[in-house]
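Please find my notes on the model below. They take the ligand site and then the domain interface.

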Amino acid sequence: MQQPPVYLDYNATTPCDPRVLEVMLPFFTRHFGNAASRNHAFGWAAEGAVDHARQQVAALIGADAQEIIFTSGATEAANLGIKGLFEAYAGKGNHIITAETEHKAVLDTLGHLEKQGASVTRLKVNASGLISPDELEAAITAETILIAIMYANNETGVIQPMADISRIAQEKGVILFTDGTQAVGKIPLNVQQEGIGMMAFSAHKLYGPKGVGALYIRRRGPRVKIIAQMDGGGHERGMRSGTLNVPAIAGFGKACELAAAEMAAITQRLSAMRDRLESTILAREHATVNGSGAPRLPHVTNIAFHGMQGDALLRAISRQIAVSSGSACTSANPEPSHVLLAMGVEDELARSSLRFALGRYTTDAEIDFAIAAVDNTIREFNEILK
Ligand SMILES: *Cc1c(COP(=O)(O)O)cnc(C)c1O
């Protein structure tokens, strides 16, 4: 019987932690109430669970509970935050600054706004995947209402210079939105101290359930305003109507509590495993690490395999290890990663780059297995090429 592949695609999604699932289960059956039912005990139990989760989520990122709006995930949170702000600040300006390496949730949202009159500047990145704070500062005009720069990149793990970005945003009085989906729960992050105005993130990237996430919106210093994008019953203080997904929200809260408690220990373990995977592959193969010159998330490595045929490599290796290429896998004819291309990686090499993302359940034995899988696959390819 064929063994299932070893999972090294934790940036795509993570399994639900069993401790998270356990917290969720009663809210499907016994405590099934609607959190908006204010006049009976069923509603109160659900509302209590949501309040508790809101505290847990806020605590992980250094926010107040009232600054958290629950959504269906990071995509919705990015749409709500960016479109909602564009509408709310229409009287002030129409210019938004972002980077070429953002996730589609941000890039496509901004593309949509361009059709509605937004002017969008897409900052280039250097070979390591970093934007230049000087270029950011120079791009700001009197019309600039928003800077949208992700905290850490999903494909490369590259962490942007958020302290500089935030300082510039504050000096110029421009609101800073960050897609924190890959950073939250993985590295220490404090929205209050770091001057972040809005942040989108998602439960399923941090061992919570799929279909729930949050938008953090700063309430003071300065207060950030948005216009709701979903009309209805006025849930989430009118910012996101629709009956709350109580089981998922309770699980999201637990996932955040666990992330805060275990982050330091897990980071230490995973960075050692990541470094071993990376250095062994680099020693054995003709390979380079995309983003190696930048600060990176401790559990991610994006490796370019030189002289390989990208899609064939991915297909062969996927039988043994579940990894990903940055390409848009939704299309029949996969495009090379827009993130790697923006970093100046050439087309062929971008296609033969693989992302290895480790996670909470990754073991040393799995890393051994992954190293051997890469080795064997590449040796087979080279045999064929001879
Ligand atoms: C996964 C991801 C998203 C989308 O999150 P969903 O909750 O699945 O909508 C957005 N941005 C980044 C950086 C991601 O990794």
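1. This is a predicted model. For T181, a polar side-chain atom sits 3.5 Å from a ligand nitrogen atom. That distance is at the cut-off, as a polar contact is a pair of N or O atoms within 3.5 Å.

2. S202 also uses its side chain: one of its N or O atoms is 2.5 Å from an oxygen atom of the ligand. A74 uses its backbone instead, with an N or O atom 2.9 Å from a ligand oxygen atom. How much of the ligand does the protein bury? Alone, the ligand exposes 380 Å², and 86% of that is buried by the protein.

3. The shell around the ligand is made up of G73, A74, T75, H103, M150, N154, D179, T181, Q182, S202, H204 and K205. By class, eight of the shell residues are polar, two are nonpolar and two are charged.

4. Now the domains. Domain 1 is built from two segments, 6-14 and 263-385. Domain 2 covers 18-257. Their centres, taken over C-alpha atoms, are 28 Å apart. Domain 1 brings 29 residues to the contact, and domain 2 brings 34.

5. Interface size is often quoted as the accessible area lost when the parts come together. Here, domain 1 and domain 2 bury about 2,600 Å² between them. Carbon and sulfur atoms give 56% of that area. On the domain 1 side, T14, M263 and L297 supply 23% of the area buried against domain 2, more than any other three residues.

6. What polar links cross the interface of domain 1 and domain 2? There are 14 residue pairs in polar contact, with both residues at pLDDT 80 or more. The salt bridge count between domain 1 and domain 2 is zero.

Conventions
Residues numbered from 1 in each chain as written. Predicted model: local features only at pLDDT ≥ 70, side-chain atom pairs only at ≥ 80, totals over all residues. Heavy atoms only, no water. Near = heavy atom within 4 Å. Polar contact = N/O pair within 3.5 Å; in protein donor to acceptor, adjacent residues only side chain to side chain. Areas by Shrake-Rupley, 256 points an atom, 1.4 Å probe, with all protein chains shown as cover. Nonpolar A, V, L, I, M, F, W, Y, C, P; charged D, E, K, R; others polar. Domains from an automatic or database assignment. Contact = heavy atoms within 4.5 Å. Buried area = accessible area lost by both parts, 1.4 Å probe. Salt bridge = Lys/Arg side-chain N within 4 Å of Asp/Glu carboxyl O.
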